[in-house]
Amino acid sequence: MSELQMQQSARAVSHRALVILTGLLIALVALLFRTQSLNGIERFDEFYHLLAAQGWLDTGAPTILDGQYTRTQLFTGAVKELFRLTGSETVATGRMLAVAAGALLPPVLFFWVRARAGWLAGLVVAALAILWPHGIEEAQTLRFYTWHVLFVTVGALAIFEMVEGRAGWGGLALLAFLAAIYLQITSVIAFAGVLLWLCLAHVLPWMWQHRMRWRLIGGTLVAAAAAGAAAWAAGILEALWAQYRWVPGWGELNQNNVTFYHKLLRDYYPMLWGLFPFAAIFAFVFRPRLASYAAVLFIVILVGQSFGGMKAARYLSYAMPFFFIVWALALAGLARALRGPVLAGLRPLDPTGHGWLAGVAVAVAALFALSVNPFFERSVDTLRGKPFLSWPVIDWYPLHDVVGDWAEAPYRVTTHELHTIAALGDFDALFSAGRLTELPPFTEFVTDPRTGRPVFGQPGSFAAILRCHPEGLFVTETREWDKDLKTALMPVFDASGRRIAIRDKDGLLALHWSGAGVSEAACAALPG
């Protein structure tokens, strides 16, 4: 090997090492942002995986009381294995699974975008992914959403590599999308975006250049119409539409709010969202195929989620990597186009003559523009341990202290079943009209298969419980009691003739009832 070849080989090795070290540094910074609230108060859905994993260790199945939590059972199984390996069954331990995927996403985006569009684009997309506030929040939540985002991103990037001629990425694309669909059925929207881009970037141009283009286009339209008609006649489209638009009772407020995600982006990313159309144009000029791919996927997911029934910030998360890719390409393209004129114009301010001070000035200006966006402030706040949610989360573990000697009450009713299990160990019935809308046939005292406990939503049903059970305990949050429950339930308690006492502390409220007399008729109407 010649000296020149040895030098070139050494430079290549050094470059690969630099890329890998940069990726590791990005992962570490992402980890720093995503581990400041690991011991934060549990949110409701986290208890499904926490309690089911603990039950799995004890019983060999993902049990919660007399029920089982079977959704995303592989994720719950991973939580269980993590508990078994570490010997720790805390929520902080379980959250490390979400942290892992959340910390992997920025370096994955960096490696791929750098390879396709250069260092600057790679670093920008990594910075946006690191500072993504909802990504930081989801990474510290014992749920599967960070893995869903990672799988969709990897699957989409692998498909792009396949289309660009690297067929070996096909297996990864298939596995990633299957995993994403397993976690969230809405992943098919992302796949629809991939298909749309393939049609726009490949199929339609091929058809248009074909000498029989009108027959091909017409035949395709007729076949698509026939397939749609057949699916409609078979009831498939109606069933899919019903699933797409379905919401439980607590989600009805935003079911038809098609501007929900637009407002979310406007509020968190006012500059990035307002200028996104221009960013897409600049990105397209810089890297046409990659920019069009990312833009189409983001727009399809955004539109698909906007017209769907369920709305929440986490349901748009799998679109955000493509949003960040578009902006990274746009900024890298602008930097390349403007670098010469800008540095030349700022040269009088730089006595060194090397352009360093001018580069620093541009970097400071860019950081300032970034910092005025609310998402930047929210992200930095997480390093100080500031809670992400504006709606305060109540810690239910002190419930045992609030309840005190009432813990021995023979019948327990709660409005937060999983919190009550974690704090007291068990309950007898859940009072929640919202939860009832999740459980067919949506009738009073239907059994929730996840806990094996009955659910009711009408004050009249609570009256039957009071007539049947002479002593019992009702637990809820103070803010819920003050807002709605007191007005709805106090007439029921007053009419029952039971003696009641209330304890209220740290946002938790416990109500104990007692008295003589049992109505056999009321007991006969209750389950069990």
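Gly87 is exposed, with a relative accessible area of 66% (exposed means over 50% relative accessible area, buried under 20% and partly exposed in between, with a 1.4 Å probe and protein chains only). The model is predicted, and local features need pLDDT of at least 70, side-chain atom pairs count only at pLDDT 80 or more, and totals for chains, interfaces and linings use all residues. Residues are numbered from 1 along each chain as its sequence is written, and side-chain values use heavy atoms, with hydrogens and water left out. Gly87 lies in the loop that links helix H3 (73-86) to helix H4 (91-117); helices (H or I, at least four residues) and strands (E, at least two) are DSSP runs numbered from the N terminus. Between the C-alpha atoms of Gly87 and Gln209, 122 residues apart along the chain, the separation is 63 Å.

The protein chain is divided into domain 1 (8-37 + 90-336 + 348-384) and domain 2 (398-525), with bounds from an automatic or database domain assignment. Their centres, taken over C-alpha atoms, are 44 Å apart. Four residues of domain 1 are in contact with four residues of domain 2, contact meaning heavy atoms within 4.5 Å. About 270 Å² is buried between the two domains, 58% of it from carbon and sulfur atoms; this area is the accessible area (1.4 Å probe) that two parts lose on being put together, summed over both. On the domain 1 side, Trp246, Gly249 and Trp250 lose the most area to domain 2, together 84% of what that side buries.

The largest nonpolar core has 108 residues, and those with the most contacts inside it include Phe298, Leu316 and Leu329. Such a core is a set of buried Ala, Val, Leu, Ile, Met, Phe, Trp, Tyr and Cys residues joined through side-chain atoms within 4.5 Å. Because domain 1 and domain 2 both give residues to this core, it lies between them. A second, separate core of 24 residues includes Ala429, Phe445, Phe474 and Trp513.

Phe474 belongs to one face of strand S7, pointing the same way as Gly472 and Thr476, whereas Leu473, Val475 and Glu477 point the other way. Six of the six residues of S7 (472-477) are buried. S7 pairs with strand S3 (412-414) in the parallel sense over three bridges, pairing requiring at least two DSSP bridges, and Val413 stands opposite Phe474. With strand S9 (508-514), S7 pairs in the antiparallel sense over six bridges; there, His512 is the bridge partner of Leu473.
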